[in-house]
Amino acid sequence: ATLGALAESGNDGLRLTDVARRTGISKAAAHRNLAGLVAHGLAVLDPDSNRFYLGDRILTWIDQAADRFEPAHRIQPHLRRLADELHDTVYFSVRRGDDAVCFGRALGSFPVQTLTLRVGDHRPLGIGSGSLAVLAFLDRAEIDRVLRERAADRAPYPLTDDQLRAHLDDAVAAGYTTMDHALVQGIHGLVGVGVPIRGRDGTSVAAFSLAALRERVQAPRLGEVVTRLRAEADLVERELADILARY
């Protein structure tokens, strides 16, 4: 939690009291955490401002883990192209166990941007249009297992299992997903559209999704959005097949 707070602060940094407030831990615990992070190079203290920042050792870890997160780098041209052409926010999510993790995001030029995910955010499979696109195109037995075992993790979201199963059935029939963000985050007026990205065996391993104002994804534009997302997903499946095979 302390590392997360420092990361979110960016170049502004945080004072000890800021860390305690953001994390909800006591000042004494925050002080111990920060002292340990500084000792191991994961945080640094600016003595002039008494503000803490992420440490340089993070760069070493990023470099060592670069292969693990190669899709995040390789997917950026695809995301940028989609956002430029569709003008709305586009996301790339990867399956991690029974979660979908946002590995990339690109903003379009439309004045109202829908920032429903940050890079690194986790969602239980089925929660959100991209996450739903991953889940919907798994084997039926796997879908049933995920729904059964992750029920508690989905409980905080205003989406019933019956609603989720209906969305899954619709997605399989249509080849893409749509989800009202009011069912996921309580945000009204926003809709997500997602398409699966499959590995060589045909199993969904990732997804592209677009989030926009509801009126921007009505017919006939909905069909245009799906066609464009699907075309880019097909391209990724061909170009990044070796990388997708790891997931």
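Predicted model: local features only at pLDDT ≥ 70, side-chain atom pairs only at ≥ 80, totals over all residues.

Next I checked where Arg95 sits, and it is in strand 3, which spans residues 89-96. Is Arg95 buried or exposed? It counts as buried because its relative accessibility is 18%, and the cut-off for buried is under 20%. I also looked up Arg95 against Arg51: they are 44 residues apart along the chain, with 36 Å between their C-alpha atoms.

I get 19 lining residues, and Ala7, Ile62, Phe69, Val119 and Gly120 are the closest to the centre. Which element gives the largest share of that lining? Helix 1 does, with 4 residues. Helix 4 (57-64), helix 5 (70-74) and strand 4 (99-106) also put in at least two residues each. By class I have 13 nonpolar, 3 polar and 3 charged residues in the lining.

Last, the cores. The largest nonpolar core has 31 residues, and Phe92, Ile197, Phe208, Leu210 and Leu229 have the most contacts inside it. Contributors of at least two residues include strand 3, strand 7 (190-198) and strand 8 (204-213). Helix 11 supplies the largest share of this core, 6 residues. I also logged another core, apart from that one, with 19 residues, including Ile127, Ala133, Ala136 and Phe137.

Definitions and conventions
Residues numbered from 1 in each chain as written. Heavy atoms only, no water. Buried < 20%, exposed > 50% of the residue type's maximum accessible area, 1.4 Å probe, protein only. 1 Å grid on protein atoms, 1.4 Å probe; cavity = no way out; pocket = protein on both sides within 12 Å on 5 of 7 lines; lining within 4 Å. Nonpolar A, V, L, I, M, F, W, Y, C, P; charged D, E, K, R; others polar. Core = buried A, V, L, I, M, F, W, Y, C linked by side-chain atoms within 4.5 Å.
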